[in-house]
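The sequence and structure come first.

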Amino acid sequence: MRLSVTLIFSLCLGFISMSLERIWAVLFALSAGGTISGVFSLVTGIILLGLAGGTYLGYPYCKTRHLDMYRFMVKCAFLACVFSYILIPLYSNILVMSVFLGFLIWIPLLLAIFIAIGSLIPILCHVTKRAPWQSVGRLIGWVYGCYLLGAALGMLITGGFLTQSFSGVVLFRWFSLALVSLTILLAPWLNFKQASQKKLIIQLGTATIALLGVLAWVDGQTLQKLFFKDTFNHRKVFSHSLESKQGM
């Protein structure tokens, strides 16, 4: 993979990751009845733990000669997209059944998303082409630097502007889909004539159908479910709602 593609991928990955962090913090604050700052600290801690764990778990794959790195990256991005897309609707429905279980389940789901994202970073460094005389440390610095730059832009743009113009329920879906759309950058390195790549397409297609089935079951009145939790019923709807970077 060319360095320019790697840096664009890393920049976009950081932007999407921290944009999702900001949106989820607002939605979790609504469900917890707490302040956005308190919930944001908890979400940030879980996300950083997930990124660290993903980076640690992704490193051994760099030493596996028979692994198709690009196919592995597509799977990780798709896994992160799937969990991101269903996290809030699924969480809101579990809250309706059991508040304790709802608050318990979103932490491992959030960890799974960022473990998948974190595992992409060492793979990105590994597949990027460099001359033998070029420094490995410099390459890693550029990749992580672009990720952090994207993360900062995500916090500024999404936290400062998008959350005041669009609903959080809409935004987390946009950014979840943006995760899987990043794999378009990997298309030139995927040989779709190989049986393994055809198998990948079948697997992702099956997972998509399953995702749509789950979403059809859990979707609808998400904000009301987050707010009312186990006292929710379908007649309870908000007449008005105002969403901003400070919360709802």
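What pattern does the protein chain follow when read along the sequence? The model, which is predicted, gives the pattern α-α-α-α-α-α-α-α.

## Overall composition

The secondary structure of the protein chain amounts to eight helices and zero strands. Of the 248 residues in the protein chain, 46% are buried.

Contacts in the protein chain between residues at least 6 apart in sequence include 80% that join residues at least 24 apart.

## Helices α3 and α4

Helix α3 spans residues 69–97 and helix α4 spans residues 99–127. Their axes come within 9 Å and cross at roughly 165°. Angles over 145 degrees count as roughly antiparallel, and α3 and α4 are therefore roughly antiparallel to each other.

The crossing in which α3 passes α4 is left-handed. In the contact of α3 with α4, 29 residues are nonpolar and four are polar, while no charged residues take part.

## Lys229

Helix α8 covers residues 222–228, and Lys229 lies in the segment after α8. Phi of Lys229 is near 55°, a positive value in a residue other than glycine.

Is Lys229 buried or exposed? Lys229 counts as buried because its relative accessibility is 16%, and the cut-off for buried is under 20%.

Technical notes. Residues numbered from 1 in each chain as written. Predicted model: local features only at pLDDT ≥ 70, side-chain atom pairs only at ≥ 80, totals over all residues. Heavy atoms only, no water. Helix = DSSP H or I, 4+ residues; strand = E, 2+ residues; numbered from the N terminus. Buried < 20%, exposed > 50% of the residue type's maximum accessible area, 1.4 Å probe, protein only. Contact = heavy atoms within 4.5 Å. Axes fitted to C-alpha atoms, helices over the stretch in contact; angles between N-to-C directions. Parallel < 35°, antiparallel > 145°, perpendicular 65-115°, else oblique. Left-handed = near helix turned anticlockwise from the far one by under 90°. Nonpolar A, V, L, I, M, F, W, Y, C, P; charged D, E, K, R; others polar.
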